[in-house]
Amino acid sequence: MGHERICLFGPDGSGKSTLARLLAQYLLRTDDVRISWIRGSHMAASLLARFLALFPSMRGPDNPYYGISIPRSLRPLWWFLEFISVLPNWFFRFIMPSAYETVIGERGLLDFLVWIYVTTEPGFLKTLWGRATLALALRYCRNIFITADLKTLIMRKGREPTAKTLTKQWVIYNVLANALNLNRVNTSNESPVQSLIKLIKQLNITK
């Protein structure tokens, strides 16, 4: 297959982690493989979020992990901080390792983009940082949309912190995937192995 970056992009509960693990097992027969991920807030942004959560005026439902809501006036600064915090993770988890192995992302920069959208507002997409995030995601990764119907997602993730955002996630992921014309694998009514077979076909992997 050759050394490259594959990013599985989709809402919580869609099956990204399971498919990343199964795909890695499949590719290990011929390739050096590493599974990587990009979560929500990183480094400086994560530390600041924890600090802001100490103040009652900053608490809110927008960010389910930290229990904060960023005021509109502070969002441009927050977006910049999120962007510069994610770059080292992107470089060390995706760019640098791919020089010698295949990297499978169970989350990538497109997931990060949706995270910012869900926890703040769509305005991030219009900023330099939002456009740069999108450009890096499309330039350096083969993005495959892993999805499921909303009922299935809620059944799989209904007790987790992000459960309240699932409807919003599902809508945004579908809009973005359609706009970018991404190939997709729907895991709603299929076993993990059946979904893996579809994913392998989407990636055009031959042994």
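Student: Which element gives the largest share of the lining of the largest pocket?
Tutor: Helix 4, with six residues. This is a predicted model: local features need pLDDT of at least 70, side-chain atom pairs count only at pLDDT 80 or more, and totals for chains, interfaces and linings use all residues. Numbering runs from 1 along each chain as its sequence is written, and side-chain values use heavy atoms, with hydrogens and water left out.

Student: What makes a space a pocket, and what makes it a cavity?
Tutor: Both come from a 1 Å grid over the protein atoms alone. In a cavity, a 1.4 Å probe fits but cannot get out; a pocket is an open set with protein on both sides within 12 Å along at least five of seven lines. Lining residues have an atom within 4 Å of a point.

Student: What volume does the largest pocket have, and which residues are closest to its centre?
Tutor: The volume is about 510 Å³. Of its 28 lining residues, D12, K16, Y65, R107 and T162 are closest to the centre. Helix 1 (16-27), helix 4 and helix 7 (166-180) each give two or more residues to this lining. By class, the lining holds nine nonpolar, 11 polar and eight charged residues.

Student: Which element gives the most to the lining of the second largest pocket?
Tutor: Strand 3, with four residues. The lining is G60, P61, D62, N63, P64, V118, P161, K164, T165 and K168. The space in this pocket is about 170 Å³.

Student: How many cavities of 30 Å³ or more does a search of the whole structure find?
Tutor: One. The largest cavity has a volume of about 40 Å³. Its lining is D62, N63, I68, S69, I70, W78, E82, T119 and T120. Strand 3 (59-63) and helix 3 each give two or more of these residues. The lining divides into three nonpolar, four polar and two charged residues.

Student: How do you know the way helix 3 runs against helix 4?
Tutor: Take the angle between their axes, lines fitted to C-alpha atoms over the stretch in contact, on a scale from 0 to 180 degrees between N-to-C directions. Helix 3 (residues 75-95) and helix 4 (residues 109-119) have axes that come within 12 Å and cross at roughly 160°. Helix 3 is therefore roughly antiparallel to helix 4, since angles over 145 degrees count as roughly antiparallel, under 35 as roughly parallel, 65 to 115 as roughly perpendicular and the rest as oblique.

Student: Which residues of helix 3 and helix 4 meet?
Tutor: W79, E82, F83, V86 and W90 of helix 3 meet L109, F112, W115 and I116 of helix 4, where contact means heavy atoms within 4.5 Å. That contact has eight nonpolar, no polar and one charged residues.

Key:
Ala, Val, Leu, Ile, Met, Phe, Trp, Tyr, Cys and Pro count as nonpolar, Asp, Glu, Lys and Arg as charged, and the others, Gly among them, as polar. Grid points are joined across faces, edges and corners, and a volume is the space filled by probe spheres set on the points.
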